[in-house]
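This report walks through selected local features of one model. Please keep the sequence and the structure in view while reading.

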Amino acid sequence: MYRAPRGTNDILPADQSYWRMVEKVAAELSRLYGYQRIDTPVFEDASLFVRTVGEGTDIVEKETYTFEDRGNNRLTLRPEGTAPVCRAYIEHGMASLPQPIKLYYFAPIFRYDRPQAGRYREHHQFGCEALGDLDPALDAEVIGLAWELYRRLGLQEISLQLNSIGHPGCRPAYLQKLVEHYRAHVQSICADCKVRLEKNPLRLLDCKEPGCQHIANAAPTMAGYLCAECREHLEGVQSNLEALGIPFQMNHRLVRGFDYYTKTVFEFWPPQEGAQSTIGAGGRYDGLIEALGGRPTPGVGFATGIERLIINLKAQGVEAPTIGGVQVFVGYKGAEAKKAAFTLTAELREAGVAAVLSTGDRSLKAQMRHADALGARYALILGSKELAEGTVTLRDMARAEQRSVPRGEVAQELLRLLA
RNA sequence: GUGGGCGUAGCCGAGCGGUUAAGGCGCCAGGUUGUGGCCCUGGAGAUCGAGGGUUCAAAUCCCUUCGCCCACCCCA
């Protein structure tokens, strides 16, 4: 038997209400904040992500779906949403439009990971990016959009974690101090941290090994080494968040998995303990567009995992409004009536009534049972009697009442009843 | 890539060496002549994940393999 590939999921009709709800709220907020939708290809030139996400990162090293097509192009299934948007910004000359450019997207994301709770090989993200402006108001705006998204969806007790990781001008000095601190304890840190010390010192800070925790706690913090520009930027973000009334927690151990981040980084944590807990994250990436060959252009954005969002909505008992459903079920008795029922159903749809025709030539009893199972609000019945009279029997399923309606008036009558 | 748990009909789930593999939900059909939701009756649907082994006998024990789940790494 075929199964969906490991780490992928079918989004069944029963779950669609949550997806529609998230998309609807996110799209409405994007509109309110002045963000426009962009859709980029599912795959990109493989090197795009190497140059942006970072060569040494796990994502590029071992988690991308990279393949060669028949034209010998090396392509990668999008492992994150920001780089493609920046590529599009450059490619379409958006730098010559009024800045900042504000874009949002819903996109499938692919990472070759071992699946576990809340982590999939294909998942979906809603994200937004503000490109071409370094005002800390934009950092706060992006954070505010995310915050408002969670609030409107009904998520409770979301914690905003905030940090600044400096920029290429001031970070190296800090990293040097950090490395010095760890070198002094190198014999007591875990094997992973020994690798991090060489490859990606910032990651040392979020090691979860108990033995490494106190070393990380005692480590110098980036905050102490921020240059004036980065410090002012951080203060700007903080004061803007305060102006919005958004509580945040400074987290000096917060780092991000991509190399392109500068200054502001943040994550949203739900209250539940769990391995894959972060539901949204983002930050500023002032060097990214330049790294892709564009003119030096600042940017800030965030993305949220829709699957993780929905997991948390369900965990908190948030229900999604049900969508659609059958309004009218059309049943019949006899071959002659079936033909009439078939055309009547078409007429109803033409009039804008969601109608389902009974199929399979079942007994009327079975048809009614089916109408009930479908949740139809009304059932229409056509038989020899109705055919002779030129009428249709209209049954209100909830009230268990029915009456005869002239065939020509059924559609209008149903529209009136369903209004 | 590493570690742990689990795999019985569409779903939940009993059975844990011995005749035709419970039960519930769902599905289908009946309960007289053209009608639902409750109730009653019946039916369809399972090579017990797959392969191999042990045994007179295996869904039940052993090995292998695949899959799912959880955790690590990492990440939304």
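Two strands count as paired if DSSP finds at least two bridges between them. Helices (H or I, at least four residues) and strands (E, at least two) are DSSP runs, numbered from the N terminus. The model is predicted: local features need pLDDT of at least 70, side-chain atom pairs count only at pLDDT 80 or more, and totals for chains, interfaces and linings use all residues. Residues are numbered from 1 along each chain as its sequence is written, while chains are lettered from A and ligands numbered from 1 in the order in which they are written.

**The β15–β16 hairpin**

Strand β15 (residues 391–396) pairs with β16 in the antiparallel sense, over 6 bridges. Arg395 stands opposite Gln402 in β16. A turn of 4 residues separates the two strands of this hairpin. Ala400 lies in that loop.

| Residue | Phi | Loop | Other C-beta atoms within 10 Å |
|---|---|---|---|
| Asp361 | about 50 degrees | β13 (355–357) to α13 (364–374) | 12 |
| Ala400 | about 60 degrees | β15 to β16 | 7 |

Asp361 is exposed. Ala400 is exposed as well.

Another loop holds a cis peptide bond. This bond joins Gln99 and Pro100, with omega about 0 degrees. Pro100 sits between α4 (82–91) and β5 (101–110).

**A three-stranded sheet**

An open sheet of 3 strands has the order β2-β4-β3, with antiparallel pairing. β2 (43–45) and β3 (66–68) are at the edges, each with a single partner strand, so one side of each lacks a neighbour in the sheet. Neighbouring strands are turned by 35 degrees against each other on average, direction ignored. Between β3 and strand β4 (residues 74–77) there are 3 bridges. Glu68 has Arg74 in β4 as its bridge partner.

**Helix α1 against helix α5**

How do the axes of α1 and α5 cross? Helix α1 (residues 16–33) and helix α5 (residues 136–153) have axes that come within 10 Å and cross at roughly 145 degrees. Axes are lines fitted to C-alpha atoms, for helices over the stretch in contact; angles run from 0 to 180 degrees between N-to-C directions. On the α1 side, Val22, Val25, Ala26, Leu29 and Tyr33 take part; they meet Glu141, Leu145, Glu148, Leu149, Arg152 and Leu153 in α5. Contact means C-beta atoms, placed from the backbone, within 7 Å. The contact residues divide into 8 nonpolar, no polar and 3 charged. Nonpolar covers Ala, Val, Leu, Ile, Met, Phe, Trp, Tyr, Cys and Pro; charged covers Asp, Glu, Lys and Arg; the others, Gly among them, are polar.

**Leu241**

Leu241 belongs to helix α9 (residues 228–244). Leu241 counts as buried because 21 C-beta neighbours lie inside 10 Å. Neighbours within four places in sequence aside, Leu241 is in contact with Ala140, Ile143, Ile246 and Phe248. Asp139 is 102 residues from Leu241 in sequence, yet 9.1 Å away in space, C-alpha to C-alpha.

**Helix α15**

Val410, Ala411 and Leu414 are buried in helix α15 (residues 410–418). They span an arc of only 95 degrees around the axis, so they lie on the same side of α15. The arc is that of the directions from the helix axis to the C-beta atoms. Gln412 and Arg416 are exposed, on the face turned away from the buried side. Cover for the buried residues includes β12 (328–332), α12 (335–351), β14 (378–382), β15 and β16.

Definitions and conventions
Contact = placed C-beta atoms within 7 Å. Buried ≥ 20, exposed ≤ 12 C-beta atoms within 10 Å, placed from the backbone.
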